[in-house]
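Please open the structure in your viewer and keep the sequence beside it. The tour below goes from one selection to the next and says what is to be found at each stop.

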Amino acid sequence: TNPKPVTLPHSAKTMASSRVLVALVFATAVAATFMPSAFVSAPSIGSSDVALRGAASAATYGALAASAPMPAEAWTEKGLLQFGQVFALFFLFFWVAGFVRMMTIGRL
């Protein structure tokens, strides 16, 4: 009368694909560790001609960031007034609650 424990079938294909995914993530992490970075190294003492390493990639990143559309950051007068009304009510509630608390304690 004991129920049998439920076992989930694991196919060899599912386990193989998860192993491939783990291996791919690990290989990407190892490759990223040894790739040259876009940071500029400190200038060496012996040479006066210092070139920026990774300047092309930095320029590419800058161009991509400059070409991306930015969200509108303008506030309308109606939006500012609505925010002010909500903020005033919020502030008034806590000011009155604090004042009532001070009066019930009996100390100012």
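This is a predicted model: local features need pLDDT of at least 70, side-chain atom pairs count only at pLDDT 80 or more; totals for chains, interfaces and linings use all residues.

How many residues apart in helix α3 are phenylalanine 87 and phenylalanine 91? They are four residues apart, and because of that spacing about one helical turn separates them.

**The whole chain**

Begin by colouring the chain by secondary structure, which comes to three helices and zero strands, so that the pattern along the sequence reads α-α-α. If you then colour by confidence, you will find that the chain averages a pLDDT of 75, with 59% of the residues scoring at least 70. Among the helices, confidence is lowest in α2 (residues 55–67), where the mean is 72, and highest in α3, where the mean is 93. Now show the surface: the chain exposes about 10,600 Å², of which carbon and sulfur atoms supply 72%, and of its 108 residues 1% count as buried.

**Helix α3**

Next, select residues 77–105, the 29 residues of helix α3, and draw a line between the C-alpha atoms at its two ends. Just after α3, select glycine 106, which takes a positive phi of about 95°.

**A row of rings**

A search of the whole structure finds five aromatic pairs. One of them joins phenylalanine 83 and phenylalanine 87, a stacked pair with 6.0 Å from centre to centre and 20° between the planes. Both residues lie in helix α3, four residues apart, or about one turn of the helix. Phenylalanine 87 also forms a stacked pair with phenylalanine 91, here with 6.3 Å from centre to centre and 20° between the planes. An α-helix has 3.6 residues a turn, so residues three or four places apart point the same way. Select Phe83, Phe87 and Phe91 together to see one aromatic cluster.

Phenylalanine 87, at 47% relative accessibility, counts as partly exposed.

Note on methods: Residues are numbered from 1 along each chain as its sequence is written. Side-chain values use heavy atoms; hydrogens and water are left out. The expected span of a helix is 1.5 Å times one less than its number of residues. Rings of Phe, Tyr and Trp (its six-membered ring) pair if their centres lie within 6.5 Å; planes under 30 degrees apart count as stacked, over 60 as edge-to-face and the rest as tilted. Buried means under 20% relative accessible area, exposed over 50%, partly exposed in between (1.4 Å probe, protein chains only). Accessible areas come from the Shrake-Rupley method with a 1.4 Å probe; for residues, only the protein chains shown count as cover. pLDDT is the predictor's confidence in each residue, from 0 to 100.
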